[in-house]
Amino acid sequence: MPHIGPHVTLNNPAFIHDSAQLYGKLTLHEGTSVWPYVVTRAEMHEIIIGARTNIQDHVMIHVGYATPTIVGEDCSITHRVFLHGCEIGDRVLIGIGATVMDGAKIGSNSIVAGHSIVTEGSKFPANSIIAGSPAKLVKTRDNSAANLMNARFYHMNALNYAQGTERLSQDQLRALQG
């Protein structure tokens with residue numbers, strides 16, 4: 001059974017895994033998915049997750065001392081990511097094992113490379129590719145199409161999982177390939 005606290009607002013998410021632990025003031029917008037072993041905590045401020053965003057396995061989301069955590073629409077927050085009091089734009093992919101700290105802002109259509117550490121107060125414009133520890137802008141490119149495709153894949157998966165189906169059908173695979 002997931003823990004879904006009394007201050008959590010569910011606006012028709014697509015899927016919440018049974019192992020999710022959702023504490024504090026959290027809003028999940030339509031079509032979001034929360035995968036195995038996700039933990040969110042918002043004892044002060046709040047966490048807002050935009051429509052169709054996927055929060056993948058083992059992600060930890062917490063608020064900062066002075067900042068909420070806000071994640072835009074159609075984002076992929078991949079496995080073992082830590083988000084702490086930061087703001088993520090729309091159609092952003094945060095790579096496996098990355099950390100984004102208090103007051104950091106990632107612009108829409110960006111990618112944060114796996115295992116990067118985005119330090120406190122860092123700001124990156126839309127269409128950034130960010131990598132390293134500490135993370136730096138390494139390239140500028142509109143990543144919206146690829147990031148949106150990844151978010152759509154996870155949304156389709158979430159709808160399947162909500163119905164007990166753990167694999168995509170051939171028709172679904174063809175639809176993703178467009």
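**The cavity and other local features**

Guide: The lining of the largest cavity consists of eight nonpolar residues, one polar residue and no charged residue. Here Ala, Val, Leu, Ile, Met, Phe, Trp, Tyr, Cys and Pro count as nonpolar, Asp, Glu, Lys and Arg as charged, and the others, Gly among them, as polar. This is a predicted model, in which local features need pLDDT of at least 70 and side-chain atom pairs count only at pLDDT 80 or more, while totals for chains, interfaces and linings use all residues. Residues are numbered from 1 along each chain as its sequence is written, and side-chain values use heavy atoms, with hydrogens and water left out.

The residues that line the largest cavity are Leu22, Leu26, Leu28, Val34, Val38, Thr40, Ile49, Ile55 and Ile61. A cavity is a set of points, on a 1 Å grid over the protein atoms alone, where a 1.4 Å probe fits but cannot get out; lining residues have an atom within 4 Å of a point. The whole structure holds one cavity of 30 Å³ or more, and the volume of the largest cavity is about 30 Å³. Such a volume is the space filled by probe spheres set on the points, and grid points are joined across faces, edges and corners.

Pro6 lies in the loop between β1 (3–4) and β2 (8–10); strands are DSSP runs (E, at least two residues), numbered from the N terminus. With a relative accessible area of 79%, Pro6 is exposed (exposed means over 50%, buried under 20%, partly exposed in between, with a 1.4 Å probe and protein chains only).

Two strands pair if DSSP finds at least two bridges between them. Within this pairing, Phe15 stands opposite Ser33.

Phe15 also belongs to one aromatic cluster with Trp35, Phe153, Tyr154 and Tyr161. The whole structure contains five aromatic pairs; rings of Phe, Tyr and Trp (its six-membered ring) pair if their centres lie within 6.5 Å, and planes over 60 degrees apart count as edge-to-face. The rings of Phe153 and Tyr154 have centres 5.3 Å apart and planes at 90°, so this pair is edge-to-face. Phe153 is partly exposed, at 29% relative accessible area, whereas Tyr154 is buried, at 13%.

Note on methods. On a 1 Å grid over the protein atoms alone, a cavity is a set of points where a 1.4 Å probe fits but cannot get out, and a pocket is an open set with protein on both sides within 12 Å along at least five of seven lines; lining residues have an atom within 4 Å of a point. Helices (H or I, at least four residues) and strands (E, at least two) are DSSP runs, numbered from the N terminus. Rings of Phe, Tyr and Trp (its six-membered ring) pair if their centres lie within 6.5 Å; planes under 30 degrees apart count as stacked, over 60 as edge-to-face and the rest as tilted.
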